[in-house]
Amino acid sequence: MNKRIDDAHLNFVLKRAIGKWVDDEMNAAGDIADTQIEAVDEKKLRKLWEKGKRKCKKANKFTLRILKFAAMFLICASVAGVFFAVGLPNAQASVEYIEEEELSKCIRITFKKDENKYYPDRIEKTLTPTYLPDGWTIETHTEGKVTCVYIIRGNNGERIVYSQSIYAGNYLLDNDERTRKTVAVNKIGGVLYEYIDGRKTLLWADEYILDMIAENVDTDVLMKIAKSIK
């Protein structure tokens, strides 16, 4: 008899699986030369994306976000050690370090690197918000060597998935109808995507790549929380 796993248990399993899988892959990658690591091509990327969608067909939207995050880090881990060494004129003044490419099912974003700047290849320090609105909470979802994920919840159904990641691989976004705005987070150029269903995705980067996927959250509140991360 087919029995659907409930969302709470699915999220618990994903939490354990993502953290262990990524840490194991990063440990293994440490002994592999860069020339032995193969990048994931677009065909594999689409296959992985579709697999995640099938698994989430009966799950809620939040579970879908987590599975897409897992898919992103399967890609990141597979290209661990292969970074984008492209000059960055001034991250304080522009978002030229963020490159976008539209695929059939998603947007692939590449964060270019400043060749004169140091970027950790492991999470050396965790960066979390120092401000939350009254009554809001934050919990750790995953803390690993290449990424940390936190869930922020509000009093009225607001929810933010906040992640801190190393510079590796590509970031994936839904290719749904949206607007795109350039914003500043503590003088660092970033990009805010706002979808017609109310979802928001905020991306910015310094030593690490930082992002927030928000549901039912006002833009000004989202930006205030983001600016408290230093």
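Predicted model: local features only at pLDDT ≥ 70, side-chain atom pairs only at ≥ 80, totals over all residues.
View 1. Because Arg178 belongs to strand S7 and Glu102 to strand S1, the pair ties together parts that are 76 residues apart in sequence. Arg178 itself is partly exposed, at 24% relative accessibility.

**View 2. A salt bridge between Glu100 and Arg180.** The side chains of Glu100 and Arg180 meet in a salt bridge with an N to O distance of 2.3 Å. Glu100 lies in strand S1 and Arg180 in strand S7, so this contact ties together parts that are 80 residues apart in sequence. Both residues are partly exposed: the relative accessible area is 35% for Glu100 and 40% for Arg180. In the whole structure there are 11 salt bridges.

**View 3. The three-stranded sheet.** Three strands form an open sheet in the order S1-S2-S6, and their pairing is antiparallel. Strand S1 (98-102) and strand S6 (171-174) stand at the edges; each has a single partner strand, so one side of each lacks a neighbour in the sheet. From one strand to the next, the twist averages 30°. Strands of a sheet pair through backbone hydrogen bonds, in either a parallel or an antiparallel manner. Here S1 and strand S2 (residues 106-111) run antiparallel and are joined by five bridges. Glu100 stands opposite Ile109 in S2.

View 4. Asp174 and Arg199 form a salt bridge through their side chains, at 2.9 Å from N to O. This pair links distant parts of the chain, since Asp174 is in strand S6 and Arg199 is in the loop between S8 and S9, 25 residues apart. Are these two residues buried or exposed? Asp174 and Arg199 are both buried. Salt bridges with shared partners join Asp174, Asp176, Asp197 and Arg199 into one network.

**View 5. The seven-stranded sheet.** A second open sheet has seven strands in the order S3-S4-S5-S10-S9-S8-S7, with antiparallel pairing. Its edge strands are strand S3 (137-143) and strand S7 (178-185), each of which pairs on one side only. On average, neighbouring strands of this sheet are turned by 20° against each other, direction ignored. Within the sheet, strand S4 (residues 147-153) and strand S5 (residues 159-165) run antiparallel and are joined by seven bridges. Ile152 stands opposite Ile160 in S5.

**View 6. The buried side of helix H4.** Which residues of helix H4 (residues 219-227) are buried? They are Leu222, Met223, Ile225 and Ala226. These residues cover an arc of only 160° around the axis, which puts them on the same side of H4. An α-helix has 3.6 residues a turn, so residues three or four places apart point the same way. The cover over the buried residues of H4 includes S4, S5, S7, strand S8 (188-195), strand S9 (200-205) and strand S10 (209-215).

View 7. Cys106 has a relative accessibility of 3%, and Cys148 has one of 2%. Residues under 20% relative accessible area count as buried, so Cys106 and Cys148 both belong to that class. A search of the whole structure finds zero disulfides.

Key:
Residues numbered from 1 in each chain as written. Heavy atoms only, no water. Pairing = 2+ DSSP bridges. Helix = DSSP H or I, 4+ residues; strand = E, 2+ residues; numbered from the N terminus. Axes fitted to C-alpha atoms, helices over the stretch in contact; angles between N-to-C directions. Disulfide = S-S within 2.5 Å. Buried < 20%, exposed > 50% of the residue type's maximum accessible area, 1.4 Å probe, protein only. Arc of directions from axis to C-beta. Contact = heavy atoms within 4.5 Å. Salt bridge = Lys/Arg side-chain N within 4 Å of Asp/Glu carboxyl O.
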